[in-house]
Amino acid sequence: MREKPAGEIIPKTNQVIVCRRPHGTAVDLCEQCACGMLMLEESVAVACVSSREIYRWVEAETVHFRETADGLLLICLNSLLKRMENGANETRNHPASTF
Ligand SMILES: [Zn+2]
């Protein structure tokens, strides 16, 4: 009797992110990838990190961002998700980030 070949285990996750805004509020699009942009508080909730960490990512330009004329910081959702995917590896490679 033949044994079944050992299959590769590929973890898959499906995630749906819903950000509700006041009625009539326009969604800003990223100038680099045309993805929707989040406000800082929304980015903190999505990434499950502190606002300070988001500011670090912005200063390191590892996420797409834009500042509005009112001084609001907007973060690109697409680049935020990519940063989160790569975050564990980068943290392991650079554990001593100090501010
Ligand atoms: Zn973007």
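The protein has a mean pLDDT of 81, and 66% of its residues reach 70 or more. That score is the predictor's confidence in each residue, on a scale from 0 to 100. This is a predicted model, and local features are taken only where pLDDT is at least 70, side-chain atom pairs only at pLDDT 80 or more, while totals for chains, interfaces and linings use all residues. Numbering starts from 1 along each chain as its sequence is written.

One stretch to set aside is residues 92-99, where pLDDT stays under 50 and the model has zero contacts beyond four places in sequence. A contact here means two C-beta atoms, placed from the backbone, within 7 Å.

Now the layout. The protein contains three helices and three strands, arranged along the sequence as β-α-α-β-β-α. Of the contacts with a separation of 6 or more, 50% join residues 24 or more positions apart.

Next, the sheet. It is open, has three strands in the order β1-β3-β2, and its pairing is antiparallel. β1 and β2 are the edge strands, each pairing on one side only. From one strand to the next the twist averages 30°. Helix α1, residues 40-47, packs on this sheet and touches β1 and β3, its direction making about 100° with that of β1. For angles of this kind, axes are lines fitted to C-alpha atoms, for helices over the stretch in contact, and the range is 0 to 180 degrees between N-to-C directions.

Pairing requires at least two DSSP bridges between two strands. β1 and β3 pair in the antiparallel sense over three bridges, with M37 opposite C76 in β3. β2 and β3 are likewise antiparallel, over three bridges. On that side, F65 stands opposite I75 and E67 stands opposite L73. The hairpin of β2 and β3 has five residues between the strands, and G71 takes a positive phi near 90° there.

Two other residues have positive phi without being glycine. A34 has a phi of about 65° and lies in the segment before β1. C48 has a phi of about 55° and sits in the loop between α1 and α2. C48 is exposed too, with 8 other C-beta atoms within 10 Å. The cut-offs are 20 or more other C-beta atoms within 10 Å for buried, 12 or fewer for exposed, and partly exposed in between, with C-beta atoms placed from the backbone.

By that criterion, buried residues make up 15% of the 99 residues. Which residues make up the largest nonpolar core? There are 11: M37, L38, I54, W57, V63, F65, L74, I75, C76, L77 and L80. At least two residues each come from β1 (37-39), α2 (51-59), β3 (73-76) and α3 (77-93). β3 gives the largest share, three residues. A nonpolar core, as used here, is a set of buried Ala, Val, Leu, Ile, Met, Phe, Trp, Tyr and Cys residues joined through C-beta atoms within 7 Å. As general background, nonpolar side chains in soluble globular proteins tend to be buried together.

Not counting residues up to four places away, L80 touches L38, S43, V46, A47, V63 and I75.

Is L74 buried or exposed? L74, in strand β3, is buried because 21 other C-beta atoms lie within 10 Å. Beyond its neighbours within four places, L74 is in contact with D28, M37, L38, M39, F65, R66 and T68. L29 is 45 residues from L74 in sequence, and their C-alpha atoms are 9.5 Å apart.

L72 is placed in the loop between β2 (65-67) and β3. L72 is exposed, since 12 other C-beta atoms lie within 10 Å. Outside four places in sequence, L72 is in contact with M39 and E67. L72 and L40 are 32 residues apart in sequence, with 8.1 Å between their C-alpha atoms.

How values were computed. Helices (H or I, at least four residues) and strands (E, at least two) are DSSP runs, numbered from the N terminus.
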